[in-house]
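Student: Please give me a close look at one part of this model, the space left between its atoms. I would like to know what surrounds that space, and then what the neighbouring parts look like.

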Amino acid sequence: MLEILILSGKGGTGKTTITASLAHTATMSSQNPIICDLDVDAPDLHLLLKPNIQTTHEFLSGNEARVRVQDCTGCGECIDPCRFDAMKMQEGVAQVDPFRCEGCKVCVTLCPAGAIDFPTRYCGDWYESTCRFGRMVHAQLFPGQENSGRLVALLRQKARTRAQEIGSELIISDGPPGIGCPVISSLSGTDLALIITEPTQSGLHDLKRVVDLCNHFRVPLAVVLNKHDLNPAMSRKVEEYCQKNWLHFIGRLPHSPKVVESMLAGQSISEQDPQGLGATLRKIWAELMEISAEARAA
Ligand code: SF4
Ligand code: SF4
């Protein structure tokens, strides 16, 4: 099975629109991919792929303190020991601020009345869906919830299971932004990362950080430069950086009004502009397939 992860290091590079187009291209080549949105904090691939949700599952992770007010004596012994300032007295009883509670269990242990429950935390939902390009696995973490790395790992595991069930040999994942825990969770064990960058100083800076991360985890990578015509001087710098570091630089995409048109139409850019941008994306996909074959043979 081949797992391809699309990363960017920063938001706004066009990662999700390119992911949708590569999923479309793979489907047109009869590759029957499983599509996975690993940007669980702010998913947006569903806006383009419009999945039909087949099943919804709760994502439970960690624990949180909850005071049973009818059992609380108001002694206040749980207030100061909470290092996260999550416990407050209100109208004579203790109350937990769920956004501050880190689930350390100290208050539960110290409460002389045994008035604090410690249930599992409901952090969000994850979904199994179908869309016009195949099966899709995606999720939505609730605002302020942590453990996105665990949710990413769960989605990847579900995607692999579904791929095995339907005999799919390909998983295409839209990765989270940045280089934090969810990105690390997406990268480990991935076969190939495609990094989408843009010709700006911050684009180059973030490209370097993601490249370092991929190298650290020994994940082969390729680079695509999006909106290359917006800043030719910076585009040259990005390409020089790739050349100097022996990175697979596999394509450039121009800044195009077709991108906005495709978003408004809820389509991938390869559907909206099959002869122009779509043709470039097909070449990029063919290069990716070659690189992945080489990486597997190595
Ligand atoms: S320690 Fe227990 S009984 Fe005392 S205020 Fe806190 S929750 Fe209430
Ligand atoms: S579980 Fe820990 S963080 Fe949460 S309220 Fe209790 S002491 Fe504070």
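**The largest pocket and its surroundings**

Tutor: Helix α1 gives the most to the lining of the largest pocket, with 4 residues. Helices (H or I, at least four residues) and strands (E, at least two) are DSSP runs here, numbered from the N terminus. The model is predicted: local features need pLDDT of at least 70, side-chain atom pairs count only at pLDDT 80 or more, and totals for chains, interfaces and linings use all residues. Residues are numbered from 1 along each chain as its sequence is written, chains are lettered from A and ligands numbered from 1 in the order in which they are written, and side-chain values use heavy atoms, with hydrogens and water left out.

The largest pocket holds about 470 Å³ of space. Its lining counts 26 residues, and T13, G14, K15, T17 and M263 lie nearest its centre. Two or more residues of that lining come from each of α1, α2 (45–49) and α8 (257–264). By class, the lining has 11 nonpolar, 10 polar and 5 charged residues. Ala, Val, Leu, Ile, Met, Phe, Trp, Tyr, Cys and Pro count as nonpolar, Asp, Glu, Lys and Arg as charged, and the others, Gly among them, as polar.

Rolling a probe the size of a water molecule over the atoms shows where empty space is left. On a 1 Å grid over the protein atoms alone, a pocket is an open set of points with protein on both sides within 12 Å along at least five of seven lines, while a cavity is a set where a 1.4 Å probe fits but cannot get out; lining residues have an atom within 4 Å of a point. Grid points are joined across faces, edges and corners, and a volume is the space filled by probe spheres set on the points.

Helix α1 (residues 15–28) also contains T25. T25 is buried, with a relative accessible area of 6%; buried means under 20%, exposed over 50%, and partly exposed in between (1.4 Å probe, protein chains only). A polar atom of the T25 side chain lies 2.7 Å from the backbone oxygen of S21. Beyond its neighbours within four places in sequence, T25 is in contact (heavy atoms within 4.5 Å) with S270, R282 and W285.

Not counting residues up to four places away in sequence, P43 touches D37, A139 and Q140. H138 is 95 residues from P43 in sequence, yet their C-alpha atoms are 7.9 Å apart.

The second largest pocket holds about 190 Å³. It is lined by 13 residues, and C101, E102, R121, Q145 and E146 are the closest to its centre. The strands β3 (52–63) and β8 (120–131) each give two or more residues to this lining, and β3 has the largest share, with 3 residues. The classes here are 4 nonpolar, 6 polar and 3 charged.

The largest cavity has a volume of about 120 Å³. Of the 16 residues that line it, C72, C75, C78, A94 and C111 lie nearest its centre, and the lining divides into 12 nonpolar, 3 polar and 1 charged. The second largest cavity holds about 90 Å³ and is lined by 14 residues, with C82, A86, C101, C104 and C107 nearest its centre. Its lining has 11 nonpolar, 1 polar and 2 charged residues.

As for the whole, the protein has 10 helices and 13 strands. Its C-alpha trace spans about 70 × 40 × 40 Å along its principal axes. Of its 298 residues, 48% are buried. Among contacts between residues at least 6 apart in sequence, 77% join residues at least 24 apart.

Methods:
Polar contact = N/O pair within 3.5 Å; in protein donor to acceptor, adjacent residues only side chain to side chain.
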